Each structure stands twice: as C-alpha cells, then as structure tokens.
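Reader: Please take me through one part of this model in detail. I would like the place where the two chains meet, with whatever lies around it.

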Amino acid sequence: MRTPEVLHVDTDETITAIARLLREAAQQAWKRADREGPDSPWHGLGLGIVVVAAQATEFVPADVDPVEPVPPQGDIGRLVCAADDLALDLPVDGTLPGISELIVALTDLRRELTQ
Amino acid sequence: MTGDERSVGELLLDADFQARTLLLDVVGDDTPALLRTWGEVVQSAGELWAGLPQLSSSPADGATMQQLETMARGMHRHQLARNWPGPGELDQRLRGIAENFVRAAELVDGRDRARDTWPPAVRADVDAVKMRVMHTLYVAAHGVGVAVHQHIQDTEDRFGSKPSLNNRAVARGRDAAAQLEVFEQLAGAHVGTGFAKVMRGEHRHAVGADRLYQAMATWDVQAHRSIAAAPTATHLHLVARTQAFLSAATAHIMDAAVRTQQLDTDSFRHQLRPALESTHTSWNLVARRCEQIADRRDRPDVTLVRAAGELRAAITEVGYDKTAWARPSTIASRVDLDATVATLHQGIAAAVEAAVMTRDALNDRRMTGSARGIADWQHEYLDAAAANCMRAPIASWVDAGDIAHGRQVPLSRAVRAALEDLAEAVTDDSRRTMASASGIRQTVTMATAPAAPIRYKAPTPWAQPVRPQRGHTP
C-alpha cells in the first residue's frame, strides 16, 4: 500500500518555479493588455493569472525570490502550461494544506487560456 | 481488471491525473454523461475509504466521506426524480477514476483495519492515501461543476432563459451545480486547512447580478481591510489592477446595456465611457508603479487575493466569452441588465473610496519601495526624457548601495511626489466617472449631469510613462 515516490522533486523548488512562471505570464499579459488598450480582454486574463500567482507565492519559502530568475518562455499560454505541468509533481498528501485549491485554480486557468 | 499490476499508490496517482485531465478537457456537452457517472465515482471512493485502516489518531479520519457519499446519493435520487439527465452514455474518464478506486479497494481488502500498532510510517501513508482520494474527488467535482455551468450557458444561449422543454437543462443543471458546489466545498475543506479555511463559507455561486453584487461588496470591504492593516505596494498593486479591470468591465457591460436601449447612448459614449477609460488607465499606472516598487518577498493577504479572484470570476461570467469580451447580445441574454447596471453604478461609487484610500496609503509614511524598482523607474523616466528632448534632473533617487543589496528604502520626495500625482489622477478620474454615471442614471430621460472639473495641477513629469499615454480621449 506504499505510495510510490515516482519523482524525487524538491517541493519548494517546484512551487517557486510555478510562482515565477505565473508572475512572468502575468507580466506578459499586462504588457499585451497595455498595448491593446482598455478594451483588451487581457486585463481580465492578467488579473486571473495574478490571482493564481499570488496563491502560488503563498507556498514559496519566505527567503526565496518568487520573481527571478525570470523564465525564458515568452508566450503566456506556454508559461501557464509549464506551471500546470510542474503542478503534477506537487504532493497532495496533506503536507501542503491548501495545495489542492492552487492545483484546481491553475488547471482552470490553463483550460481558460487554451480553450 | 485482471492483469492490472499497479499498486494502490499508482492507481491513486493515475486517478488524480485523470481528474486533472478531466478538469482541463471538460466541455458543456459532457454534462449528462458526467452526471450519470458521478455517483459511481463517489461510491467507489467511499468503499476504498472504508477499506483503509481506521486509525483513530489520523486527522484524515472522520465523517467527511460519509457526508460526501450521502450527498452523491441525494444527487442521484434528485436526478431520477426529475428525469434529468436520464439514461444514456457514461463518461469514460470518470469511469476510469472509479475503476482505479475499486481496484485499490480490492488491494487493501482483508487487511487488519483496526490495528493500533501500525508504525508511524504506515499511519502517515494511510493519511496520504486518504488525502489523495479526497483531492481527486475535489478536483473531479470541480471539473464536473465546470461542465455543468458551461452546459447551462450553452443551453441558455441556444434556447433562451424562458422555461421550456428545450431548456429544462437550465433549471435542473443549476440544481446539480449547486449540489456539486457544496460537495466541492466539503471536499475542499478536508484537503486544505489553510487557504481552504479562508474560502470556506465564502464559496458561493449565485448567478449574474447577485453574484456580482456580492463579489463587489466583498471586494470593497476586503480592499479597505487589507490596506488599512498593511499599506504595502503589494496590496496596492493588486487593488489597482483589480480596479482597472473593474473599470474596463463596467464600460463593456454598460455598453451592452446601451446597445440594448437601456441607457442614454450619447451620455454614455461622450461622458461615461471616456471617463471609465481614463480611470482604467490611471489605475493601471498606479498598478505599474506599485508593482515596480513592491517588495518581491512580500505576500499579499490571501483574503484579498480570494476577493479579487471572486470579483474577476463574477465579471467574466457575465462579460466574457471564453477569452474574449462577450457580445452585447450575449451579455443581455445572461443577466438582468437593469440590476447589473445598478450594481455597476455602486461599483463606480465605491471606486472613488478606493481611490481615496489608495491616495492615503501612498502618502503613508510607512510606505517603502524597492531600491531596484525605484532605480528602474528613474531609468525609464530618463530614457523617456532623452527621447523627447526634455531636461531631467540626473540626481539618483536611491542610493547605489541600496540598489546593490536589493533593499527596501523609504520613499524619497521625488518618488512620493510622483506617486501622489498618480493617486490624485486616479481620484479625480474616479470622481469624474461617478459624476458622469449619475448623469447617465438620471438621463434615461435625456438630462445630463455635468462632469466634475478636470484637475488643473500639472502632473509631476516622471509620474508619466512614455507609453502607454494616459487615456484622456481627444
């Protein structure tokens, strides 16, 4: 009945990478929204990304920078998908209370951006 | 299931993965099959749970699973009584999850479930198994809920919202959505004791104006609370971004009302819309600068984050169609525009308070800024000045040592003056918007209220970026 440890990942590193990817995705979304003006739908999408990024940042250790190094991807969809892919490695065994909400929010965001 | 050599842990990992995939791929048309299969998933999860060792010291043990099973049975009975979604195909993704649970239950069956002498490692592993089962149910319930909401929306778009045989899925779907909402809330409360605690009791889903009204009221209160408790650039950034989005959304939804002949067209186009766009741009400038000077290690208040997320969700439910703004006719078919416009008017009034609060916070002596962010800001200003052949003071706004060490520093006079200018702009624009909005409200019969005077004070030059320019319309 032993739960297999399929991947030996550092949870802190994973969650920090997720936060950085989302922060960068939010930055890209704001830039695009600013370019397109007040009518741009990216204002709402950017706010959605920022909200999920803030949820992720809650789990980042206090002494770690949740912004830099900035991820290399330049596409908003790819940044969010990369964050969602990383979330598959997060443990849902109760060691990170509240992580399930983040996972759901992240998957929702990916679905919203890729639909 | 013969030949399946996977362990309990592998089966549950796969179930979890399938639940996430379901949430990612689900569409409205899947709803009938999902609802038919949902009971099987919960029942198999309950059987697996019952087969796991009952460890009295385990925090994961309790009545939650029994409650969830009872709720799923209730849902099933309700669907039978109302003959919806009726007989038909099952959802293979949910069946896959249920089969994994059944197989896992077979593997754990026969073990000594009440033994008090389990070693700590085994106890911890049992807790982890239960948590993963609950997490899978939580994610899957959310996925089914997403499909049901989409199905309701699709049906309304296709057949309208008036009761008829064709759109019976609307009322019945709403019942199912409400039941799934409670299920998700209960499972969420079990899997999360941190963020979920904040969400508990707030996770409600009213439709249209009710939800929007509630979300705006909650946002308004929470923004004041969070900034009063900690007037940080991080909080101001989130507040300003959210207010900017709210201004843009107000313009878009009110435009839908105008187009469906519920508002005075000229007053909206010549007064309110430009004022809203100007307010939107002012908030964005505040947001940009606050983000720039925010302490990167600062964490925003989770309750504020939650309130912003709910406000965004309430607005997108009304005003978005996937990733784009919805057409006016679509918005008009979703909500009672009279009630929604009234709610948005209250939001416009509340935005003035938010602007004043932001101005006060920016003037707060406790405010500090990131030395690196302030230096970046100055570089932007100097580059813009050079590009526009302007003279600019070259004295550094921050100490080089503070930049090198990434310190937070008290705001210098120059930075304070620039922030004050941005705050004044957003306050003036919000007031002008409120005046224009009250004009619109009174002029369903064509009388227009005068707009508030535009501020006369020349802005601090470095408050303005090169682009985007502030959105005063010509």
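**The chain contact and its surroundings**

Author: Start inside one chain. The side chains of Arg111(A) and Asp108(A) form a salt bridge, with 2.4 Å from N to O. Both residues sit in helix α4 of chain A. They are three residues apart, about one turn of the helix. Keep in mind that this is a predicted model. Over all chains, the structure holds 28 salt bridges.

Now the interface. Four salt bridges are found across the interface of chain A and chain B. One of them can be named by its partners: Asp65(A) pairs with Arg296(B). Their closest N and O atoms are 2.9 Å apart. Polar contacts also cross the interface of chain A and chain B, in 17 residue pairs, both residues at pLDDT 80 or more.

Which helices of chain A supply at least two residues each to the side that touches chain B? They are α1 (11-36), α2 (42-57), α3 (76-87) and α4 (99-114). By class, that side of chain A has 25 nonpolar, 13 polar and 14 charged residues.

Next, the extent of the contact. Chain A brings 52 residues to it, and chain B brings 62 residues. Interface size is often given as the accessible area lost when the parts come together. Here the area buried between chain A and chain B is about 5,100 Å². Carbon and sulfur atoms give 61% of that area.

Then the second largest pocket. Its volume is about 1,200 Å³. Its lining counts 41 residues. Nearest its centre lie Arg23(A), Gln27(A) and Val67(A) from chain A, with Glu291(B) and Gln292(B) from chain B. The largest share of the pocket lining comes from α1(A), with nine residues. By class, the lining of this pocket has 12 nonpolar, 10 polar and 19 charged residues.

The structure holds six cavities of 30 Å³ or more. The second largest cavity has about 70 Å³ of space. Its lining is made of 13 residues. Those nearest its centre are Ser247(B), Leu276(B), Gly347(B), Ile348(B) and Ala351(B). Helices α9, α10, α13 (337-363) and α16 (413-442) of chain B each give two or more residues to this cavity lining. Six of the lining residues are nonpolar, seven are polar and none is charged.

Last, the backbone in two loops. In chain A, the peptide bond from Glu68(A) to Pro69(A) is cis, with omega near 0°. Pro69(A) belongs to the loop between α2 and α3 of chain A. In chain B, the peptide bond from Trp84(B) to Pro85(B) is cis, with omega near 5°. Pro85(B) lies in the loop between α3 (64-82) and α4 (92-108) of chain B. Asn83(B) is placed in the loop between α3 and α4 of chain B. Phi of Asn83(B) is near 55°, a positive value in a residue other than glycine.

Technical notes: Residues are numbered from 1 along each chain as its sequence is written. Chains are lettered from A and ligands numbered from 1 in the order in which they are written. Side-chain values use heavy atoms; hydrogens and water are left out. Contact means heavy atoms within 4.5 Å. Buried area is the accessible area (1.4 Å probe) that two parts lose on being put together, summed over both. A polar contact is a pair of N or O atoms within 3.5 Å; within protein, one must be able to donate a hydrogen and the other to accept it, and residues adjacent in sequence count only if both atoms are side-chain atoms. Helices (H or I, at least four residues) and strands (E, at least two) are DSSP runs, numbered from the N terminus. Ala, Val, Leu, Ile, Met, Phe, Trp, Tyr, Cys and Pro count as nonpolar, Asp, Glu, Lys and Arg as charged, and the others, Gly among them, as polar. On a 1 Å grid over the protein atoms alone, a cavity is a set of points where a 1.4 Å probe fits but cannot get out, and a pocket is an open set with protein on both sides within 12 Å along at least five of seven lines; lining residues have an atom within 4 Å of a point. Grid points are joined across faces, edges and corners, and a volume is the space filled by probe spheres set on the points.
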